[in-house]
Structures are given as structure tokens and as C-alpha cells.
Amino acid sequence: MNKNVFDLIDSLCTERSLTLSEYQSLIDGRTPALAEYAAERAVRARKEIYGNQVFIRGLIEISNVCKNDCLYCGIRRSNRRCDRYRLTAEDILGCCAEGYRLGFRTFVLQGGEDGYFNDDFLCELLRAIKGSYPDCAVTLSLGERTRESYEKLRAAGADRYLLRHETADKAHYEALHPSEMSFDERMRCLYDLKDLGYQVGCGFMVGSPRQTSAHLAKDLKFIEQFSPHMCGIGPFIPQSDTPFGKENAGTLELTCYLLSLLRLIKPNLLLPSTTALGTIHPFGREMGIQAGANVVMPNLSPGNVRKKYALYNNKLSDGSESAQCKAELASRMASIGYEVVTDRGDMKR
Ligand code: SAH
């Protein structure tokens with residue numbers, strides 16, 4: 001039985017599941033007409049749950065010190081040209097204060113895997129943030145840690161954790177990471193986080209070196225089965241000072257199409273239109289929302305460190321990427337019919 005690709009979109013809308021080879025057919029069979037068909041259905045599915053609301057998160061990049069050496073990432077430990085910084089607890093609390101005033105009700109603390117941010121430091125920080133802003137959610141995105149560590153951070157108040165799986169194919173994972181990193185360990189972290197009661201986000205880069213449609217089909221199947229609360233996807237963008245500095249970037253079109261498919265797999269997914277998408281196209285953020293995303297994460301880091309968190313070339317950090325320009329972001333979203341809301345933005349049922 002050979003369904004055409006439009007029929008596959010229809011069955012995804014009703015079944016919320018396809019086989020690996022059907023996912024791959026959808027990816028290989030992408031045309032502008034098919035992408036439009038998927039986006040239209042994705043927007044409809046999202047509207048039923050989230051209306052025209054867009055959730056915002058204040059992203060605080062707490063450190064660009066990292067013990068890992070991921071081949072794609074600009075803050076990898078062997079990048080000597082990365083100008084390292086680390087925020088203090090006071091800096092971070094200052095960002096939260098400003099974010100709260102601007103209307104953010106979720107703070108995302110992201111950083112490299114920096115041993116300085118041990119459990120004691122983070123637990124005290126979490127208690128301080130949750131003490132001052134009990135109506136806010138705190139999301140951590142600090143990489144792989146032990147189960148015990150995740151457990152302590154959860155007890156100290158962390159609500160959510162973002163850890164992209166990067167690719168659901170083990171061999172491809174090994175092509176993107178140094179040998180001391182392991183796919184199984186990354187999966188262990190994600191399952192532990194879920195088990196500990198976090199709202200969990202996974203995700204992957206689109207168009208990373210050596211990625212095939214078979215890999216992407218596995219990513220979609222993994223997300224269907226793992227059923228995360230959040231999923232962060234964005235185009236891979238080369239960073240000149242990394243081993244992948246001369247590789248091609250992922251495309252806007254494929255990223256938007258995958259956003260639509262993810263929305264159809266899990267209609268209530270919290271799905272950001274990422275900074276990377278905004279970086280490869282001036283209206284990338286808007287196009288991500290129009291493909292089915294419902295979250296944006298403007299930068300709330302102190303101005304003097306923003307350029308230093310250089311995961312990839314030309315990463316946006318000002319204009320409507322900046323939390324201080326929330327009005328600009330709100331008007332850009334309004335121009336396409338969406339409303340930026342002051343809300344924790346939890347996943348709806
Ligand atoms: N240390 C944290 C944060 C990593 S940076 C963690 O492990 O979760 C956040 C995300 O940026 C990564 O998960 C990766 O998917 C993305 N990223 C890194 N380098 C990138 C690049 N060159 N292009 C696009 N995205 C990149």
C-alpha cells in the first residue's frame with residue numbers, strides 16, 4: 001500500500017504516528033505545496049489548543065565555559081578563540097529582575113557544561129529565584145548531569161530541563177561528538193529527567209553535517225515515542241572556529257517543514273521558533289510561528305556577554321532577539337496575527 005505524501009499528512013493528523021519509512025517519505029517528498037499543506041494543518045492543530053498565543057521565555061546564558069568538545073559548537077572547549085565568561089549569582093538574579101519587569105514568567109538558564117555551577121551553587125540560586133518569583137517557571141539547560149544532580153535541582157525548584165538529543169541516530173551522534181561523549185548517556189539523561197518530574201525538552205539541529213532523511217525520520221519517531229513537553233529545533237549554522245566551520249547551514253524551508261510535522265505529531269508540544277531560525281532569515285522567527293511553533297526565547301543575558309555566547313556565526317542577540325525589545329517582538333508577532341502573553345506558558349492538555 002503506497003499512500004501519497006498528502007495522505008500521509010492526513011493520517012498523521014488523525015493517528016499522530018507514522019512508521020519510520022513513512023516519516024522518511026514525508027521528508028524526501030517535500031515540495032512547497034506539501035509544506036504548505038502541512039503548515040496549514042499544523043497551525044490549525046495549534047490554534048485549537050493555544051489559540052493565537054505565543055509564549056516567551058527569557059534566555060539567560062550563564063556561562064560559555066564548557067568541558068565538552070562538540071564538533072559543531074562555538075563554545076567547545078578546544079576553541080581558543082572563544083572569549084570565556086561566567087555570570088555571578090547576582091548577575092543572574094539581576095537578569096531575572098529585569099525579565100520579570102518586562103513580563104517574562106519563565107527564565108531559562110543555559111550554559112556550557114561548566115563545573116563551577118555545581119549543585120550547591122545552582123540549588124541556592126534556584127531557591128533565590130523561586131523565592132523572589134514564585135509565579136515563574138525556571139528552566140535549566142546545562143547539559144548532562146548525574147541523576148542525583150537532576151534530582152537535587154528539581155527539589156530546589158527547577159521546573160523544566162532542555163537537553164537536545166541532537167540526533168536520534170547513534171552513529172550520527174558519534175559523527176557530531178568526540179568519542180568521550182555517548183548517545184546512550186544523553187538518552188539516560190533525558191529519561192531520568194522525565195522520571196524525576198521535569199517538563200523535558202529534547203531537540204535536534206536541522207542540516208547538521210552528514211545528516212540524512214533517514215536520520216531525521218528517526219528524530220521524528222523518537223519525539224513521537226518519548227513525547228517530550230518541549231522540542232527545540234533549528235538549522236545547523238557553521239561556526240568558523242570549529243571543525244564544521246566550512247560545512248553548509250541547514251535550511252529555513254526544511255526547518256519550518258519539520259516544525260509543522262512536530263506540531264502534527266504532538267499538537268500540544270511547546271515548540272520554539274529558535275534564534276538559529278531567526279539568524280538565517282530576517283523573518284525566520286515569524287516563519288517558524290507560521291509553520292506551527294508557539295514559543296520564542298528572547299535573550300535576557302547582560303549586554304556585555306551576549307556576543308561571547310557564540311554557538312554559531314552571526315548569532316542574533318539584539319533587535320527583537322533581545323528581551324529589552326519585547327515591544328518590537330510583540331509587534332512583529334501581532335503583524336502575523338499572534339499575541340505575545342505574560343504567562344508561565346506551561347504545556348496545555
Ligand atoms: N550545554 C547545553 C547547552 C548547549 S547550547 C546543553 O548541552 O544542552 C544549546 C544548543 O545549541 C545545542 O543543544 C545545539 O543543538 C545548538 N547548537 C550548538 N552549536 C550550534 C550550531 N553550530 N548551529 C546550530 N545550533 C547549534
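**Exercise 1. A loop residue with positive phi**

In which loop does asparagine 314 lie? Find its phi and its exposure too.

*Solution.* 
Step 1. This is a predicted model. Asparagine 314 sits in the loop between β8 (295-296) and α13 (326-335).
Step 2. Its phi is near 60°, a positive value in a residue other than glycine.
Step 3. Compare with the general rule: most residues other than glycine have a negative phi.
Step 4. The relative accessibility of asparagine 314 is 68%. Exposed means over 50%, so asparagine 314 counts as exposed.

**Exercise 2. Another positive phi**

Locate glutamate 166 and state its phi. Is glutamate 166 buried or exposed?

*Solution.* 
Step 1. Glutamate 166 belongs to the loop between β5 and α7 (170-176).
Step 2. Its phi is near 75°, positive although the residue is not glycine.
Step 3. The relative accessible area of glutamate 166 is 9%. The limit for buried is under 20%, so glutamate 166 is buried.

**Exercise 3. The six-stranded sheet**

Give the strand order of the open sheet of six strands. Which strands stand at its edges?

*Solution.* 
Step 1. The order reads β2-β3-β4-β5-β6-β7, and the pairing is parallel.
Step 2. The edges are β2 (58-63) and β7 (230-235). Each has a single partner strand, so one side of each lacks a neighbour in the sheet.
Step 3. From one strand to the next, the twist averages 20°.

**Exercise 4. Around strand β6**

Describe how β6 pairs with β5 and with β7. Then trace the chain from β6 to β7.

*Solution.* 
Step 1. Take β5 and β6. They run parallel and are joined by three bridges. Tyrosine 161 stands opposite valine 200 in β6.
Step 2. Take β6 (residues 199-206) and β7. Six bridges pair these strands in the parallel sense. Phenylalanine 204 faces isoleucine 233 in β7. Glycine 203 stands opposite glycine 232, also in β7.
Step 3. Follow the chain. From β6 it passes through helix α9 (residues 213-226) to β7. This β-α-β crossover is right-handed.
Step 4. Check the cover. Eight of the eight residues of β6 are buried, so the strand is mostly covered.
Step 5. Helix α8 (residues 183-195) lies across β5 (160-162) and β6. Its direction is at about 150° to β6.

**Exercise 5. The three-stranded sheet**

What is the order of the sheet formed by three strands? Name a bridge partner on each side of β1.

*Solution.* 
Step 1. The order is β8-β1-β9 in an open sheet, with parallel pairing.
Step 2. β8 and β9 (339-341) are the edge strands. Each has a single partner strand, so one side of each is left without a neighbour in the sheet.
Step 3. Strand β1 (residues 53-56) pairs with β8 over two bridges. Isoleucine 56 has valine 296 in β8 as its bridge partner.
Step 4. Three bridges join β1 to β9. Here the bridge partner of valine 54 is valine 340 in β9.

**Exercise 6. Rings and charges**

How many aromatic pairs does the structure hold?

*Solution.* 
Step 1. The count is 14 aromatic pairs.
Step 2. Two values describe such a pair: the distance of the centres and the angle of the planes.
Step 3. Phenylalanine 117 has 3% relative accessibility, so it counts as buried.
Step 4. Elsewhere, ring pairs link Tyr100, Phe107 and Tyr133 into a cluster.
Step 5. Tyrosine 100 has a charge over its face: arginine 105, at 3.5 Å from the ring centre. Arginine 154 places its charged end over the ring of tyrosine 198, 5.7 Å from the centre.

**Exercise 7. Apart in sequence**

What distance separates the C-alpha atoms of glutamate 253 and threonine 31?

*Solution.* 
Step 1. Glutamate 253 has 48% relative accessibility, so it counts as partly exposed.
Step 2. Along the chain, glutamate 253 and threonine 31 are 222 residues apart. Their C-alpha atoms are separated by 9.7 Å.

Definitions and conventions. Residues numbered from 1 in each chain as written. Predicted model: local features only at pLDDT ≥ 70, side-chain atom pairs only at ≥ 80, totals over all residues. Heavy atoms only, no water. Pairing = 2+ DSSP bridges. Helix = DSSP H or I, 4+ residues; strand = E, 2+ residues; numbered from the N terminus. Axes fitted to C-alpha atoms, helices over the stretch in contact; angles between N-to-C directions. Contact = heavy atoms within 4.5 Å. Phe/Tyr/Trp six-rings, centres within 6.5 Å; stacked < 30°, edge-to-face > 60°. Buried < 20%, exposed > 50% of the residue type's maximum accessible area, 1.4 Å probe, protein only. Lys NZ or Arg CZ within 6 Å of the ring centre and 35° of its normal. Right-handed = clockwise from strand over helix to strand, strands pointing away.
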